Amino acid sequence: MKHTLSLIASILVALVVLFLPESMLPFAGITVIEQRVMALFVLAAVFWIVEPIPVYATSVLIIVLELLMISDKSLIFFAGSKDDPSFGTALSHKAIMATFAHPIILLFLGGFFLAMATSKYRLDLNLARVMLKPFGKNPKLILLGLMTITAIFSMFMSNTATTAMMFAILTPVLGAFEVDDRGRIAYILGIPFAANIGGIGTPIGTPPNAIAIRYLTGDNAISFAGWMAFAVPFVIVMLIFAWVLLLWFFPPKTDTIEVKIKSKFLTHWRAMTLYITFAVTVLLWVIGSASGMNSYVIAMIPVAVFSVTQIITKEDLKNLSWDVLWLVAGGFALGLALEDSGLSKRLIESIPFGTFSPYFIVLTCSALTLLMGTFMSHTATANLLMPVIVVLGTTLSSLEPLGGGKMLILTCTFAASLAMALPVSTPPNAIAYASGMVDTRHMMKTGVIISSVGLIGVYGLMIVLRMVGVI
């Protein structure tokens with residue numbers, strides 16, 4: 001009943017925006033196409049916030065509505081005269097459909113193939129077993145080890161899948177703690193926090209990164225290795241801070257625990273093919289353009305190899321995270337509509353941003369991103385805000401001394417991933433909360449501090465990147 005009411009209310013709000021007379025619209029001289037895009041934006045925003053339907057379904061709905069209402073092949077009822085300037089310019093239907101196969105979607109697809117294959121052939125468990133050995137039996141160091149492994153895996157795998165895998169490893173470890181040992185809370189929270197932080201490290205680590213890369217083109221383009229060069233050090237600093245904070249709030253009583261992971265490296269030809277392909281793909285991503293390929297082309301290597309060798313079968317494909325790909329594609333389509341219709345530029349021009357301090361603009365945009373990301377999907381947050389942020393960054397000359405649009409995009413992208421104060425903030429947080437071993441107050445107390453300190457750290461990172469000429 002609740003979802004039905006939300007659905008009806010959301011549609012009514014969008015219809016009101018769609019059919020408002022021009023005199024009641026917030027912008028003068030708005031075209032019909034722009035008004036329709038505004039209605040679609042409102043619909044997407046409300047649907048992504050209250051979720052009357054799944055978030056990926058909202059993305060698909062937005063793409064279809066764009067094709068029906070604002071494309072050059074729209075339904076005849078919505079078609080207008082090409083000679084009527086008040087109607088605006090219809091979007092290319094090919095461009096809208098192309099969002100389903102955007103190079104960044106294929107970059108994510110390659111990452112999903114790698115993640116699925118490593119899980120299927122237990123490469124992730126075996127790497128975790130090997131990587132945990134140096135941390136010994138000290139519970140504080142083991143927590144650092146688990147968080148480090150989680151962060152590393154999250155750079156190349158889904159944060160949700162990584163968290164689920166690490167909780168499978170964590171379950172027997174928690175048995176070594178007394179029931180009243182607060183160290184259990186540190187371990188349970190350490191995994192999702194590390195997954196959220198680790199996803200910042202690579203362009204495929206989390207959807208907001210991919211959305212940002214979509215808008216960082218031309219002189220502002222960042223390679224896979226270039227992103228890692230500044231994101232990984234930030235991840236390391238934030239990971240250590242989160243580790244220290246968790247131990248401060250929830251110090252373990254026990255002095256010694258032992259982690260036992262029963263798994264062995266597989267040695268048959270498919271497993272060996274996986275190991276080689278994984279290593280080659282990651283290496284090519286790291287060396288970047290030196291190979292003559294970009295990260296999007298490299299991402300197709302595991303897709304081809306794993307398909308041909310049947311490492312990933314047609315049955316495995318049914319379990320691929322298509323919902324994430326569709327969610328990101330819907331964001332790209334919404335951004336395309338805002339840009340090509342001219343609505344995002346009109347929105348920026350209607351507000352006197354030029355009179356605001358550039359520092360105020362950066363603080364406001366990043367804080368808004370962090371706040372929205374705390375209460376809704378990080379991907380949906382980036383999908384909604386990034387098109388407007390891009391126009392804001394490219395039109396305001398006052399931002400140039402701080403790094404311009406590139407700086408604003410990166411700041412807000414990092415801010416989205418740092419939102420982790422509530423169980424609803426991210427799927428990893430929800431998994432931890434579902435364990436029943438932590439309260440919302442535990443997560444909020446540590447999550448708010450990590451998010452706040454992380455945002456301050458982002459500002460510091462941007463200053464450093466500006467000083468060294470990266471932005």
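The model is predicted, and local features are reported at pLDDT of at least 70, side-chain atom pairs only at pLDDT 80 or more, while totals for chains, interfaces and linings use all residues. Residues are numbered from 1 along each chain as its sequence is written, and side-chain values use heavy atoms, with hydrogens and water left out. Helices are DSSP runs (H or I, at least four residues) numbered from the N terminus.

Two packed helices are described by the angle between their axes and the distance between the axes. Axes are lines fitted to C-alpha atoms, for helices over the stretch in contact, and angles run from 0 to 180 degrees between N-to-C directions. Helix 5 (residues 103–120) and helix 13 (residues 295–308) have axes that come within 8 Å and cross at roughly 40°. Helix 5 is therefore oblique to helix 13; angles under 35 degrees count as roughly parallel, over 145 as roughly antiparallel, 65 to 115 as roughly perpendicular and the rest as oblique. The crossing of helix 5 and helix 13 is left-handed, a term used if the near helix is turned anticlockwise from the far one by less than a right angle, with right-handed used if clockwise. Contact (heavy atoms within 4.5 Å) is made on the side of helix 5 by residues including Ile104, Leu107, Phe113 and Ala117, and on the side of helix 13 by residues including Tyr296, Met300, Val303 and Phe306. The residues of this contact comprise 14 nonpolar, three polar and no charged. In this classification, Ala, Val, Leu, Ile, Met, Phe, Trp, Tyr, Cys and Pro count as nonpolar, Asp, Glu, Lys and Arg as charged, and the others, Gly among them, as polar.

The second pair consists of helix 7 (residues 139–154) and helix 11 (residues 224–249), whose axes come within 10 Å and cross at roughly 145°. The crossing of helix 7 and helix 11 is right-handed. Helix 7 contributes Lys140, Leu143, Leu144, Met147, Thr148 and Ala151 to the contact, and helix 11 contributes Leu239, Ala242, Trp243, Leu246 and Leu247. By class, the contact of helix 7 with helix 11 has nine nonpolar residues, one polar and one charged.

Individual residues within these two helices were also examined. Leu146 lies in helix 7 and is buried, with a relative accessible area of 1%; buried means under 20% relative accessible area, exposed over 50%, and partly exposed in between (1.4 Å probe, protein chains only). Leaving aside neighbours within four places in sequence, Leu146 is in contact with Leu132, Met166, Ile169, Leu170, Tyr187 and Ile191. Phe234, in helix 11, is buried, with a relative accessible area of 7%. Beyond residues up to four places away in sequence, Phe234 touches Ile200, Phe414, Leu418, Gly454, Gly457, Val458 and Leu461. Between Phe234 and Val16 there are 44 Å in space, C-alpha to C-alpha, and the two residues are 218 apart in sequence.

Ser59 is located in helix 3 (residues 55–69). The relative accessible area of Ser59 is 0%, so this residue is buried. Its side chain reaches the backbone oxygen of Leu327 at 3.0 Å. Apart from neighbours within four places in sequence, the contacts of Ser59 are Trp48, Trp326, Leu327, Gly330 and Gly331.

The remaining residues are found in loops. Arg122, in the loop between helix 5 and helix 6 (123–132), has a positive phi of about 60° although it is not a glycine. A positive phi, of about 65°, is also found at Gln310, likewise not a glycine, in the loop between helix 13 and helix 14 (314–317). Arg122 is partly exposed at a relative accessible area of 35%, and Gln310 counts as partly exposed at 40% relative accessibility.

Ala221 occupies the loop between helix 10 (207–215) and helix 11 and is partly exposed, with a relative accessible area of 44%. Not counting residues up to four places away in sequence, Ala221 touches Leu216 and Lys406. Thr206, in the loop between helix 9 (183–198) and helix 10, is buried, with a relative accessible area of 7%. Leaving aside neighbours within four places in sequence, Thr206 is in contact with Phe108, Asn159, Gly199 and Ser417.

Note on methods. Polar contact = N/O pair within 3.5 Å; in protein donor to acceptor, adjacent residues only side chain to side chain.
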